[in-house]
Amino acid sequence: MIIYLDGKYVPEEEAKVSVFDHGLLYGDGVFEGIRAYNGRVFRLDEHLARLYDSAKTIDLAVAITKEEMAEAIKETLRRNNLKDAYIRPIVTRGRGDLGLDPRKCPKPTVIVIAVTWGAMYGDLYEKGLRAICVSVRRTPPESMPPNVKSLNYLNNILAKIEANHMGVDEAIFFDTQGHIAEGSGDNLFLVKNGVLITPPTLNNLRGVTRLVVLEIAASMGLTVIERNLGYFDLYAADEVFVTGTAAEIGPIREIDGRVIGNGKPGPVTRQLMAAFKTVTQKEGTPVYE
């Protein structure tokens, strides 16, 4: 595997960062998760816009331009001969000392990893996922904006640990106000009486896949509502699904032991899954020209 690291393309075993890098010491940095389908990088511009917006929010100056980052991503795919892949660009604060002060880190570290990636949930796209509403709450936006896709993912990991202990596939976060936020690493939608409903993005990540689903829903003539949601909305929903770059569209068949709908991926979810697959195979930034 060839990794992009600070302007060089190096074998995986040579892709090393300092133990004093603040990305390692404090989770001080940002990243993106991007997919390539059929030799094209899907929604590359949107992902890079979010990456650089996240960096700006935490006052992190990325050492290369968006155009240079895009080329690094494409070249990493080419050097690994990948057409269908998951891509992880990372920008850390860089090497500093054992103090918190980011001013002690003169140069950010820039990394691009690309790996082969298939269906994240395997046959569960046909069966549906089982989920629970976890006790841990999503970090409130006044503490750490969920729209910053930062390297500090401990909040998400705690939710995933709770789901693992309960033997289910996914965790559903609530915020500190009692509203549904998102999954452990994905956005959440529900369908009720043919209407697609999703939480606003103040307390969850502004997902790129979420945006694509909203675009597809509009093209299908679906009514879409963004509003705060609670337990009642989840349990009484006809369909529930999560969206994310890695997960794509994952139908949920059970939440906290309650069967959702008829216990199978619903018709609206299936329509959106099929349409999303079509879009990903047609759109994207070409890698091999």
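Reading burial, contacts and salt bridges

Trainee: Is C133 buried or exposed?

Mentor: C133 counts as buried, because its relative accessibility is 13%; the word buried means under 20% relative accessible area, exposed means over 50%, and partly exposed lies in between, with a 1.4 Å probe and protein chains only. This is a predicted model, in which local features need pLDDT of at least 70 and side-chain atom pairs count only at pLDDT 80 or more, while totals for chains, interfaces and linings use all residues. Residues are numbered from 1 along each chain as its sequence is written, and side-chain values use heavy atoms, with hydrogens and water left out. Another cysteine, C105, also counts as buried, at 8% relative accessibility.

Trainee: How many disulfides does the rule find?

Mentor: A disulfide is a pair of cysteine sulfur atoms within 2.5 Å, and by this rule the count in the model comes to 0.

Trainee: Which residues does R138 touch, leaving aside those up to four places away in sequence?

Mentor: Contact means heavy atoms within 4.5 Å, and with those sequence neighbours set aside R138 touches P146, N155, N156, F173, F174, D175, T176, A181, E182 and N203. R138 itself sits in the loop between β8 (129-133) and α5 (154-165), where helices (H or I, at least four residues) and strands (E, at least two) are DSSP runs numbered from the N terminus. With a relative accessible area of 9%, R138 is buried.

Trainee: Which side chains make polar contacts with the side chain of R138?

Mentor: A polar contact is a pair of N or O atoms within 3.5 Å; within protein, one must be able to donate a hydrogen and the other to accept it, and residues adjacent in sequence count only if both atoms are side-chain atoms. The R138 side chain has such a contact with the side chain of N155 at 2.8 Å, and another, of 2.5 Å, with the side chain of E182.

Trainee: How many salt bridges are there?

Mentor: Side chains of opposite charge can pair when their charged atoms come close. The term salt bridge is used for a side-chain nitrogen of Lys or Arg within 4 Å of a carboxyl oxygen of Asp or Glu, and by this rule the count comes to 19. One of them joins the side chains of E32 and R50 (2.7 Å, N to O). E32 lies in the loop between β3 (29-31) and β4 (34-37) and R50 in helix α2 (residues 44-57), so this pair ties together parts that are 18 residues apart in sequence. E32 is buried at 0% relative accessible area, and R50 counts as buried at 11%.

Trainee: How far apart are the closest N and O atoms of D101 and R103?

Mentor: In the salt bridge of D101 with R103, those atoms are 2.8 Å apart; D101 counts as partly exposed at 25%, whereas R103 is exposed at 74%. Elsewhere, salt bridges that share partners join E71, K74, E75, R78 and R79 into one network. Within this group, R78 and E75 pair with their closest N and O atoms 2.9 Å apart, and, because they are 3 residues apart in helix α3 (residues 66-79), about one helical turn separates them.

Trainee: Which residues form a nonpolar patch on the surface?

Mentor: Patches are made of residues with over 30% relative accessible area and no salt bridge, like charges being joined within 9 Å and nonpolar side chains (Val, Leu, Ile, Met, Phe, Trp, Tyr) within 5 Å. Here V19, F20, L24, L25, Y26, L98 and L100 form one, with about 680 Å² of accessible area together; such areas come from the Shrake-Rupley method with a 1.4 Å probe, and for residues only the protein chains shown count as cover. Y26 belongs to helix α1 (residues 22-26) and is partly exposed, with a relative accessible area of 33%.
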